Amino acid sequence: MELGIGIGWRPEIAAEVEALSGIDWVEAVAENLCADHLPDSLVRLRERGVTVVPHGVALGLGGADRPDPDRLAGLAARAELLGTPLVTEHIAFVRAGGPLTASPRLEAGHLLPVPRTWDALDVLCENVRIAQDSLPVPLALENIAALITWPDEELTEGQFLAELVERTGVRLLIDVANLHTNHVNLGQDPAKALDELPVEAIAYVHVAGGVEKNGVWHDTHAHPVSEPVLEVLAELRSRVDPPGVLLERDDAFPPGAELAGELDAIRSTLRKAAPSVDRAAGRVAGPGPDRAAGRGAAPAADATAGVETRTVAAAVAPAPAPAGVRDRTAVAQTALLSALVAGTPAPEGFDHRRLRVQSRALAAKRADVVAKVAPELPEILGDGYRAAFLAYAGSRPLSGGYRRDALNFAEHVLITGGPADPAARRRLTYWWQDRSGARPPRRTTRLVRAARAVLVGK
(Lines give C-alpha, C1' and ligand atoms only; values in the text may rest on other atoms or scores of the structure.)
Protein backbone atom coordinates (compact mmCIF):
# COMPACT_ATOMS: atom_id res chain seq x y z
CA MET A 1 0.00 0.00 0.00
CA GLU A 2 1.21 3.47 -0.89
CA LEU A 3 0.85 5.70 2.18
CA GLY A 4 2.43 8.95 0.99
CA ILE A 5 3.43 11.81 3.31
CA GLY A 6 2.14 11.78 6.88
CA ILE A 7 2.54 13.25 10.33
CA GLY A 8 2.27 11.86 13.83
CA TRP A 9 -1.15 12.71 15.27
CA ARG A 10 -1.05 13.90 18.87
CA PRO A 11 -3.96 15.41 20.87
CA GLU A 12 -1.93 18.59 21.47
CA ILE A 13 -1.70 19.32 17.75
CA ALA A 14 -4.92 17.69 16.53
CA ALA A 15 -6.27 20.95 15.11
CA GLU A 16 -2.98 21.79 13.39
CA VAL A 17 -2.81 18.32 11.82
CA GLU A 18 -6.35 18.62 10.50
CA ALA A 19 -5.50 21.99 8.96
CA LEU A 20 -2.32 20.84 7.19
CA SER A 21 -2.55 20.43 3.43
CA GLY A 22 -1.09 17.50 1.56
CA ILE A 23 -1.34 15.03 4.45
CA ASP A 24 -2.12 11.52 3.20
CA TRP A 25 -2.04 9.67 6.51
CA VAL A 26 -1.35 9.99 10.22
CA GLU A 27 0.11 7.75 12.89
CA ALA A 28 -1.31 7.63 16.44
CA VAL A 29 0.26 6.06 19.54
CA ALA A 30 -1.83 2.95 20.06
CA GLU A 31 -1.72 3.01 23.86
CA ASN A 32 -3.14 6.56 23.87
CA LEU A 33 -6.30 5.45 22.06
CA CYS A 34 -9.33 3.76 23.56
CA ALA A 35 -10.08 0.35 22.09
CA ASP A 36 -13.77 1.11 21.50
CA HIS A 37 -13.97 4.72 20.31
CA LEU A 38 -11.81 7.35 18.64
CA PRO A 39 -11.13 11.02 19.37
CA ASP A 40 -13.31 13.32 17.27
CA SER A 41 -10.27 14.59 15.38
CA LEU A 42 -9.34 11.10 14.15
CA VAL A 43 -12.96 10.44 13.22
CA ARG A 44 -12.95 13.58 11.06
CA LEU A 45 -9.63 12.64 9.45
CA ARG A 46 -10.88 9.16 8.61
CA GLU A 47 -14.06 10.61 7.11
CA ARG A 48 -11.80 12.64 4.81
CA GLY A 49 -10.08 9.45 3.68
CA VAL A 50 -6.92 9.92 5.75
CA THR A 51 -5.40 6.59 6.79
CA VAL A 52 -4.63 6.19 10.51
CA VAL A 53 -1.90 3.76 11.58
CA PRO A 54 -1.64 2.70 15.25
CA HIS A 55 1.93 2.78 16.55
CA GLY A 56 2.53 0.62 19.63
CA VAL A 57 5.15 1.37 22.26
CA ALA A 58 4.49 -1.14 25.05
CA LEU A 59 4.63 -4.69 23.64
CA GLY A 60 8.34 -5.13 24.24
CA LEU A 61 8.75 -7.74 21.51
CA GLY A 62 12.51 -7.84 22.14
CA GLY A 63 12.00 -8.83 25.78
CA ALA A 64 12.61 -12.26 27.22
CA ASP A 65 8.91 -12.90 27.92
CA ARG A 66 6.44 -13.90 25.27
CA PRO A 67 4.11 -11.04 24.27
CA ASP A 68 1.31 -10.32 26.70
CA PRO A 69 -1.99 -11.60 25.21
CA ASP A 70 -3.97 -8.68 26.65
CA ARG A 71 -1.64 -6.12 25.08
CA LEU A 72 -1.84 -7.94 21.76
CA ALA A 73 -5.64 -8.07 21.97
CA GLY A 74 -5.71 -4.34 22.69
CA LEU A 75 -3.52 -3.56 19.68
CA ALA A 76 -5.68 -5.81 17.49
CA ALA A 77 -8.84 -4.04 18.68
CA ARG A 78 -7.39 -0.64 17.80
CA ALA A 79 -6.39 -1.94 14.36
CA GLU A 80 -9.96 -3.13 13.76
CA LEU A 81 -11.44 0.15 15.03
CA LEU A 82 -9.21 2.21 12.74
CA GLY A 83 -9.56 -0.02 9.67
CA THR A 84 -5.80 0.35 9.28
CA PRO A 85 -3.70 -1.45 6.64
CA LEU A 86 -0.97 -2.29 9.19
CA VAL A 87 0.20 -1.78 12.76
CA THR A 88 3.69 -0.94 13.97
CA GLU A 89 5.83 -1.56 17.03
CA HIS A 90 9.51 -1.47 18.02
CA ILE A 91 12.50 -3.78 18.15
CA ALA A 92 13.11 -3.18 21.83
CA PHE A 93 12.52 -4.41 25.34
CA VAL A 94 10.61 -2.26 27.82
CA ARG A 95 10.39 -4.44 30.94
CA ALA A 96 12.33 -7.20 32.67
CA GLY A 97 12.29 -9.35 35.76
CA GLY A 98 9.31 -11.44 36.78
CA PRO A 99 8.94 -15.23 36.77
CA LEU A 100 11.85 -15.99 34.43
CA THR A 101 14.28 -14.48 36.93
CA ALA A 102 12.21 -14.86 40.13
CA SER A 103 12.68 -11.14 40.71
CA PRO A 104 10.38 -8.10 40.87
CA ARG A 105 9.01 -6.86 37.59
CA LEU A 106 10.75 -3.69 36.36
CA GLU A 107 9.42 -1.23 33.77
CA ALA A 108 11.80 0.93 31.75
CA GLY A 109 9.22 3.47 30.66
CA HIS A 110 11.29 3.68 27.49
CA LEU A 111 12.49 1.63 24.53
CA LEU A 112 15.76 -0.15 25.29
CA PRO A 113 18.02 -1.85 22.73
CA VAL A 114 18.01 -5.58 22.18
CA PRO A 115 21.48 -7.17 22.02
CA ARG A 116 22.32 -8.05 18.43
CA THR A 117 23.10 -11.66 19.20
CA TRP A 118 21.76 -14.93 17.85
CA ASP A 119 20.12 -15.68 21.20
CA ALA A 120 18.25 -12.37 21.21
CA LEU A 121 17.29 -12.88 17.57
CA ASP A 122 15.79 -16.30 18.35
CA VAL A 123 13.65 -14.80 21.10
CA LEU A 124 12.62 -11.80 19.01
CA CYS A 125 11.61 -13.91 16.02
CA GLU A 126 9.39 -16.18 18.11
CA ASN A 127 7.78 -13.16 19.76
CA VAL A 128 7.19 -11.52 16.39
CA ARG A 129 5.47 -14.60 15.03
CA ILE A 130 3.22 -14.73 18.10
CA ALA A 131 2.31 -11.11 17.50
CA GLN A 132 1.73 -11.63 13.79
CA ASP A 133 -0.64 -14.51 14.51
CA SER A 134 -2.63 -12.32 16.93
CA LEU A 135 -3.05 -9.26 14.70
CA PRO A 136 -5.63 -8.79 11.93
CA VAL A 137 -3.24 -6.83 9.68
CA PRO A 138 0.49 -6.95 8.86
CA LEU A 139 3.06 -5.85 11.43
CA ALA A 140 6.01 -3.53 10.83
CA LEU A 141 8.84 -3.07 13.34
CA GLU A 142 10.94 0.03 13.97
CA ASN A 143 14.67 0.29 14.64
CA ILE A 144 15.26 2.32 17.79
CA ALA A 145 17.72 4.99 18.91
CA ALA A 146 20.20 4.02 21.61
CA LEU A 147 22.49 5.67 24.11
CA ILE A 148 24.15 2.38 25.01
CA THR A 149 25.29 -0.74 23.23
CA TRP A 150 25.57 -4.29 24.48
CA PRO A 151 29.00 -5.91 24.77
CA ASP A 152 29.93 -8.87 22.56
CA GLU A 153 27.33 -8.25 19.86
CA GLU A 154 27.49 -10.70 16.96
CA LEU A 155 25.58 -8.83 14.23
CA THR A 156 25.43 -5.31 12.87
CA GLU A 157 22.11 -3.48 12.90
CA GLY A 158 21.58 -4.09 9.19
CA GLN A 159 22.40 -7.80 9.50
CA PHE A 160 20.10 -8.16 12.50
CA LEU A 161 17.20 -6.54 10.65
CA ALA A 162 17.85 -8.61 7.52
CA GLU A 163 17.81 -11.84 9.54
CA LEU A 164 14.61 -10.79 11.27
CA VAL A 165 12.85 -10.13 7.97
CA GLU A 166 14.21 -13.35 6.46
CA ARG A 167 12.91 -15.48 9.31
CA THR A 168 9.53 -13.83 9.92
CA GLY A 169 8.53 -11.84 6.85
CA VAL A 170 7.85 -8.88 9.10
CA ARG A 171 7.95 -5.43 7.50
CA LEU A 172 10.26 -2.66 8.60
CA LEU A 173 9.61 0.84 9.83
CA ILE A 174 12.95 2.56 9.33
CA ASP A 175 13.53 5.64 11.47
CA VAL A 176 16.27 7.69 9.81
CA ALA A 177 16.58 9.89 12.90
CA ASN A 178 17.37 6.78 14.91
CA LEU A 179 20.03 5.77 12.39
CA HIS A 180 21.59 9.22 12.82
CA THR A 181 21.35 8.91 16.62
CA ASN A 182 23.18 5.61 16.56
CA HIS A 183 25.79 7.15 14.25
CA VAL A 184 26.57 9.92 16.75
CA ASN A 185 26.25 7.87 19.93
CA LEU A 186 27.59 4.49 18.86
CA GLY A 187 29.68 5.20 15.76
CA GLN A 188 27.43 3.11 13.51
CA ASP A 189 27.39 4.11 9.84
CA PRO A 190 23.84 4.77 8.53
CA ALA A 191 24.89 4.05 4.95
CA LYS A 192 26.27 0.65 5.93
CA ALA A 193 23.06 -0.20 7.77
CA LEU A 194 21.03 0.79 4.71
CA ASP A 195 23.30 -1.30 2.48
CA GLU A 196 22.78 -4.38 4.66
CA LEU A 197 19.08 -4.24 5.41
CA PRO A 198 16.37 -5.42 2.95
CA VAL A 199 15.04 -2.06 1.81
CA GLU A 200 12.30 -3.77 -0.18
CA ALA A 201 10.71 -4.74 3.17
CA ILE A 202 10.26 -1.13 4.26
CA ALA A 203 6.63 -0.28 5.02
CA TYR A 204 7.35 3.36 5.83
CA VAL A 205 9.90 5.77 7.26
CA HIS A 206 10.05 8.00 10.34
CA VAL A 207 11.74 11.40 10.37
CA ALA A 208 12.18 13.27 13.67
CA GLY A 209 14.24 15.93 15.39
CA GLY A 210 16.69 15.74 18.26
CA VAL A 211 19.51 17.61 19.90
CA GLU A 212 23.18 16.98 20.68
CA LYS A 213 24.45 17.63 24.23
CA ASN A 214 28.01 16.91 25.34
CA GLY A 215 28.66 14.65 22.39
CA VAL A 216 25.47 12.61 22.90
CA TRP A 217 22.55 12.84 20.50
CA HIS A 218 19.17 12.79 22.22
CA ASP A 219 16.28 11.66 20.03
CA THR A 220 13.83 14.07 21.63
CA HIS A 221 11.08 14.37 19.00
CA ALA A 222 10.84 17.90 20.43
CA HIS A 223 13.21 19.74 18.09
CA PRO A 224 13.14 20.56 14.38
CA VAL A 225 14.45 17.93 11.98
CA SER A 226 18.15 18.58 11.45
CA GLU A 227 20.06 18.53 8.19
CA PRO A 228 22.05 15.36 9.10
CA VAL A 229 18.77 13.47 9.57
CA LEU A 230 17.55 14.67 6.17
CA GLU A 231 20.85 13.46 4.72
CA VAL A 232 20.14 9.96 6.03
CA LEU A 233 16.66 10.20 4.48
CA ALA A 234 18.32 11.10 1.18
CA GLU A 235 20.63 8.07 1.51
CA LEU A 236 17.59 5.85 1.97
CA ARG A 237 15.72 7.44 -0.95
CA SER A 238 18.69 6.85 -3.22
CA ARG A 239 18.15 3.12 -2.64
CA VAL A 240 14.35 2.79 -2.58
CA ASP A 241 11.16 4.80 -2.95
CA PRO A 242 9.54 4.21 0.46
CA PRO A 243 5.76 3.66 0.47
CA GLY A 244 5.36 6.28 3.19
CA VAL A 245 7.31 8.92 5.09
CA LEU A 246 6.10 10.41 8.36
CA LEU A 247 7.16 13.38 10.49
CA GLU A 248 7.16 12.69 14.24
CA ARG A 249 6.77 15.34 16.92
CA ASP A 250 5.97 14.44 20.54
CA ASP A 251 6.70 17.56 22.57
CA ALA A 252 7.42 21.32 22.41
CA PHE A 253 4.91 21.48 19.58
CA PRO A 254 5.48 24.37 17.14
CA PRO A 255 2.81 26.31 15.22
CA GLY A 256 1.23 24.58 12.26
CA ALA A 257 3.26 26.69 9.84
CA GLU A 258 6.50 25.26 11.23
CA LEU A 259 5.20 21.71 10.93
CA ALA A 260 4.23 22.47 7.32
CA GLY A 261 7.76 23.77 6.70
CA GLU A 262 9.32 20.57 8.03
CA LEU A 263 7.02 18.50 5.83
CA ASP A 264 8.07 20.60 2.83
CA ALA A 265 11.74 19.94 3.69
CA ILE A 266 11.01 16.20 3.75
CA ARG A 267 9.26 16.36 0.37
CA SER A 268 12.14 18.36 -1.11
CA THR A 269 14.70 15.87 0.22
CA LEU A 270 12.82 12.93 -1.28
CA ARG A 271 12.47 14.68 -4.62
CA LYS A 272 16.14 15.67 -4.88
CA ALA A 273 17.44 12.27 -3.75
CA ALA A 274 15.32 10.21 -6.14
CA PRO A 275 17.60 8.37 -8.58
CA SER A 276 17.11 8.67 -12.32
CA VAL A 277 14.84 6.10 -13.91
CA ASP A 278 16.40 3.76 -16.42
CA ARG A 279 13.32 3.35 -18.61
CA ALA A 280 15.03 0.95 -20.97
CA ALA A 281 15.68 -1.47 -18.13
CA GLY A 282 12.40 -0.66 -16.42
CA ARG A 283 14.00 -0.18 -13.01
CA VAL A 284 15.42 2.46 -10.73
CA ALA A 285 19.06 3.14 -11.47
CA GLY A 286 20.99 2.21 -8.35
CA PRO A 287 24.16 3.81 -7.03
CA GLY A 288 26.39 1.13 -8.45
CA PRO A 289 26.56 -2.49 -9.67
CA ASP A 290 27.74 -3.88 -6.32
CA ARG A 291 24.78 -2.47 -4.43
CA ALA A 292 22.32 -3.32 -7.20
CA ALA A 293 23.37 -6.95 -6.96
CA GLY A 294 23.04 -7.10 -3.18
CA ARG A 295 20.44 -6.77 -0.49
CA GLY A 296 20.40 -2.98 -0.76
CA ALA A 297 19.06 -3.05 -4.32
CA ALA A 298 15.89 -1.10 -4.94
CA PRO A 299 12.97 -3.35 -5.89
CA ALA A 300 11.61 -3.30 -9.38
CA ALA A 301 8.52 -1.17 -10.00
CA ASP A 302 6.31 -0.60 -6.94
CA ALA A 303 8.18 -0.47 -3.65
CA THR A 304 5.32 -2.15 -1.81
CA ALA A 305 5.23 -5.05 -4.24
CA GLY A 306 8.60 -6.23 -2.97
CA VAL A 307 7.27 -6.21 0.58
CA GLU A 308 4.35 -8.43 -0.33
CA THR A 309 6.57 -10.84 -2.26
CA ARG A 310 9.08 -11.15 0.52
CA THR A 311 6.41 -11.53 3.16
CA VAL A 312 4.82 -14.46 1.37
CA ALA A 313 7.82 -16.15 -0.18
CA ALA A 314 10.66 -15.63 2.27
CA ALA A 315 8.97 -15.85 5.64
CA VAL A 316 9.51 -19.18 7.34
CA ALA A 317 7.95 -19.72 10.74
CA PRO A 318 10.88 -19.97 13.13
CA ALA A 319 11.09 -22.77 15.61
CA PRO A 320 10.57 -21.89 19.26
CA ALA A 321 13.60 -20.32 20.86
CA PRO A 322 16.00 -23.06 21.99
CA ALA A 323 15.86 -24.18 25.60
CA GLY A 324 17.60 -21.80 27.93
CA VAL A 325 17.69 -18.87 25.51
CA ARG A 326 14.80 -17.03 27.13
CA ASP A 327 16.27 -17.58 30.58
CA ARG A 328 19.66 -16.22 29.54
CA THR A 329 18.03 -13.25 27.83
CA ALA A 330 15.90 -12.57 30.91
CA VAL A 331 18.90 -12.56 33.24
CA ALA A 332 20.89 -10.22 30.99
CA GLN A 333 18.03 -7.77 30.41
CA THR A 334 17.04 -7.72 34.09
CA ALA A 335 20.61 -6.98 35.16
CA LEU A 336 20.82 -4.08 32.70
CA LEU A 337 17.43 -2.59 33.55
CA SER A 338 18.07 -2.94 37.28
CA ALA A 339 21.32 -1.01 36.88
CA LEU A 340 19.47 1.71 34.96
CA VAL A 341 16.43 2.18 37.20
CA ALA A 342 17.28 0.66 40.59
CA GLY A 343 20.91 1.61 41.09
CA THR A 344 22.34 -1.92 41.13
CA PRO A 345 25.90 -2.50 39.85
CA ALA A 346 26.45 -2.20 36.13
CA PRO A 347 26.71 -5.52 34.26
CA GLU A 348 30.17 -6.44 33.03
CA GLY A 349 31.21 -5.02 29.67
CA PHE A 350 28.96 -1.95 29.58
CA ASP A 351 30.25 1.60 29.35
CA HIS A 352 29.55 2.96 32.85
CA ARG A 353 29.45 6.58 31.68
CA ARG A 354 26.88 5.79 29.02
CA LEU A 355 24.82 3.81 31.52
CA ARG A 356 24.70 6.88 33.76
CA VAL A 357 23.57 9.02 30.81
CA GLN A 358 20.86 6.47 29.97
CA SER A 359 19.78 6.22 33.60
CA ARG A 360 19.39 9.99 33.90
CA ALA A 361 17.49 10.08 30.61
CA LEU A 362 15.06 7.41 31.82
CA ALA A 363 14.41 9.26 35.08
CA ALA A 364 13.94 12.57 33.26
CA LYS A 365 11.47 11.06 30.82
CA ARG A 366 9.59 9.45 33.70
CA ALA A 367 9.32 12.82 35.44
CA ASP A 368 8.05 14.42 32.23
CA VAL A 369 5.41 11.75 31.62
CA VAL A 370 4.16 11.83 35.22
CA ALA A 371 3.86 15.61 34.90
CA LYS A 372 1.66 15.09 31.85
CA VAL A 373 -0.60 12.39 33.29
CA ALA A 374 -0.88 14.23 36.63
CA PRO A 375 -0.33 17.93 35.84
CA GLU A 376 -1.53 18.89 39.33
CA LEU A 377 1.69 17.55 40.85
CA PRO A 378 4.12 20.09 39.32
CA GLU A 379 1.47 22.75 39.91
CA ILE A 380 1.26 21.90 43.62
CA LEU A 381 4.98 21.34 44.15
CA GLY A 382 6.16 24.19 41.92
CA ASP A 383 9.84 24.45 41.16
CA GLY A 384 10.58 21.63 43.60
CA TYR A 385 8.65 19.03 41.58
CA ARG A 386 11.44 17.84 39.33
CA ALA A 387 14.14 17.52 42.00
CA ALA A 388 11.71 15.73 44.32
CA PHE A 389 10.61 13.32 41.61
CA LEU A 390 14.14 12.49 40.48
CA ALA A 391 15.15 11.79 44.09
CA TYR A 392 12.11 9.52 44.45
CA ALA A 393 12.77 7.74 41.14
CA GLY A 394 16.38 7.01 42.07
CA SER A 395 15.34 4.27 44.48
CA ARG A 396 11.84 3.38 43.34
CA PRO A 397 11.67 1.82 39.88
CA LEU A 398 8.59 2.17 37.73
CA SER A 399 6.47 -0.94 38.17
CA GLY A 400 2.79 -0.20 37.64
CA GLY A 401 2.35 2.41 34.93
CA TYR A 402 2.60 6.18 35.08
CA ARG A 403 -0.70 6.89 36.83
CA ARG A 404 0.23 4.48 39.59
CA ASP A 405 3.66 6.10 39.64
CA ALA A 406 2.10 9.53 40.17
CA LEU A 407 0.11 8.25 43.15
CA ASN A 408 3.14 6.51 44.62
CA PHE A 409 5.21 9.68 44.25
CA ALA A 410 2.57 11.81 45.97
CA GLU A 411 2.34 9.22 48.71
CA HIS A 412 6.11 9.29 49.16
CA VAL A 413 6.18 13.08 49.40
CA LEU A 414 3.46 13.09 52.06
CA ILE A 415 5.00 10.31 54.13
CA THR A 416 8.38 12.02 54.16
CA GLY A 417 6.86 15.24 55.46
CA GLY A 418 6.58 17.27 52.30
CA PRO A 419 5.79 19.66 50.92
CA ALA A 420 6.97 22.17 53.50
CA ASP A 421 4.30 24.73 52.68
CA PRO A 422 1.13 23.81 54.66
CA ALA A 423 -1.24 24.93 51.90
CA ALA A 424 0.61 22.84 49.31
CA ARG A 425 0.57 19.87 51.67
CA ARG A 426 -3.19 20.14 52.10
CA ARG A 427 -3.68 20.35 48.32
CA LEU A 428 -1.46 17.32 47.74
CA THR A 429 -3.29 15.39 50.45
CA TYR A 430 -6.68 16.15 48.89
CA TRP A 431 -5.33 15.22 45.46
CA TRP A 432 -3.96 11.91 46.68
CA GLN A 433 -7.13 11.00 48.61
CA ASP A 434 -9.33 11.84 45.64
CA ARG A 435 -7.41 9.51 43.32
CA SER A 436 -6.28 6.68 45.57
CA GLY A 437 -9.79 5.34 46.14
CA ALA A 438 -11.22 3.69 49.21
CA ARG A 439 -8.12 1.61 49.79
CA PRO A 440 -4.86 3.57 49.84
CA PRO A 441 -2.19 1.73 47.82
CA ARG A 442 0.62 1.07 50.30
CA ARG A 443 1.90 1.97 53.74
CA THR A 444 -1.76 2.64 54.56
CA THR A 445 -1.69 3.38 58.27
CA ARG A 446 1.14 5.91 58.20
CA LEU A 447 -0.28 7.76 55.22
CA VAL A 448 -3.85 7.90 56.49
CA ARG A 449 -2.63 9.23 59.84
CA ALA A 450 -0.54 11.86 58.07
CA ALA A 451 -3.48 12.88 55.88
CA ARG A 452 -5.81 13.07 58.88
CA ALA A 453 -3.36 15.22 60.79
CA VAL A 454 -3.08 17.64 57.90
CA LEU A 455 -6.81 17.93 57.34
CA VAL A 456 -7.70 18.25 61.02
CA GLY A 457 -5.05 20.87 61.58
CA LYS A 458 -5.85 23.06 58.60
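**Rings, strands and a helix**

Modeller: A search of the whole structure finds eight aromatic pairs, and please keep in mind that this is a predicted model.

Biologist: What kind of pair do the rings of Trp150 and Phe350 form?

Modeller: A pair of aromatic rings is described by the distance of the centres and the angle of the planes. For Trp150 and Phe350 the centres are 5.2 Å apart and the planes stand at 65°. Planes over 60 degrees apart count in one class, and so the pair of Trp150 and Phe350 is edge-to-face.

Biologist: How many residues apart in sequence are the parts that this pair ties together?

Modeller: Both Trp150 and Phe350 are buried. Trp150 lies in the loop between β7 and α5, while Phe350 lies in the loop between α12 (325-341) and α13 (352-373), so the pair ties together parts whose separation in sequence is 200 residues.

Biologist: What kind of pair do the rings of Tyr385 and Phe389 form?

Modeller: Tyr385 and Phe389 both belong to helix α15 (residues 385-393), where they are four residues apart, about one turn of the helix. Tyr385 counts as buried at 5% relative accessibility, and Phe389 is buried too, with a relative accessible area of 0%. Their ring centres are 6.0 Å apart and their planes are at 35°, so the pair is tilted.

Biologist: Which residues do ring pairs link into a cluster?

Modeller: The tilted pair of Tyr385 and Phe389 belongs to this cluster. Linked by ring pairs, the members of the cluster are Tyr385, Phe389, Tyr392 and Phe409.

Biologist: Are the residues on the two faces of strand β7 buried or exposed?

Modeller: In a regular strand the side chains alternate between the two faces of the sheet. In β7 (residues 139-142), Leu139 and Leu141 are on one side, whereas Ala140 and Glu142 are on the other. Both faces of β7 are covered, and these four residues are all buried.

Biologist: What is the handedness of the crossover from β7 to β8?

Modeller: Three bridges join β7 to strand β8 (residues 171-175), and the two strands run parallel, with Leu141 standing opposite Leu172 in β8. Between these strands the chain passes through helix α5 (residues 157-168), and this β-α-β crossover is right-handed.

Biologist: Which residue of β12 is the bridge partner of His206?

Modeller: Strand β9 (residues 202-207) pairs with β12 in the parallel sense over three bridges. Strand β1 (residues 4-9) is also parallel to β12, joined to this strand by four bridges, and there Gly6 stands opposite Leu246. For His206, the bridge partner in β12 is Leu246.

Biologist: Which residue in the turn of the hairpin formed by β5 and β6 has a positive phi?

Modeller: Strand β5 (residues 93-98) and strand β6 (residues 103-112) pair in the antiparallel sense over four bridges, and Gly98 stands opposite Ser103 in β6. The two strands form a hairpin with four residues between them, and the turn residue with a positive phi, of about 50°, is Ala102.

Biologist: Which elements do the buried residues of α9 pack against?

Modeller: Helix α9 (residues 256-273) has 18 residues and reaches 26 Å from its first C-alpha to its last, close to the 26 Å expected at 1.5 Å a residue. Its buried residues include Leu259, Leu263, Ile266 and Leu270. The buried residues of α9 pack against β1, α1 (14-19), β9, α8 (227-237) and β12.

How values were computed. Residues are numbered from 1 along each chain as its sequence is written. This is a predicted model: local features need pLDDT of at least 70, side-chain atom pairs count only at pLDDT 80 or more; totals for chains, interfaces and linings use all residues. Side-chain values use heavy atoms; hydrogens and water are left out. Two strands pair if DSSP finds at least two bridges between them. The expected span of a helix is 1.5 Å times one less than its number of residues. Buried means under 20% relative accessible area, exposed over 50%, partly exposed in between (1.4 Å probe, protein chains only). Contact means heavy atoms within 4.5 Å. A crossover is right-handed if, with the strands pointing away from the viewer, the path from the first strand over the helix to the second runs clockwise. Rings of Phe, Tyr and Trp (its six-membered ring) pair if their centres lie within 6.5 Å; planes under 30 degrees apart count as stacked, over 60 as edge-to-face and the rest as tilted.
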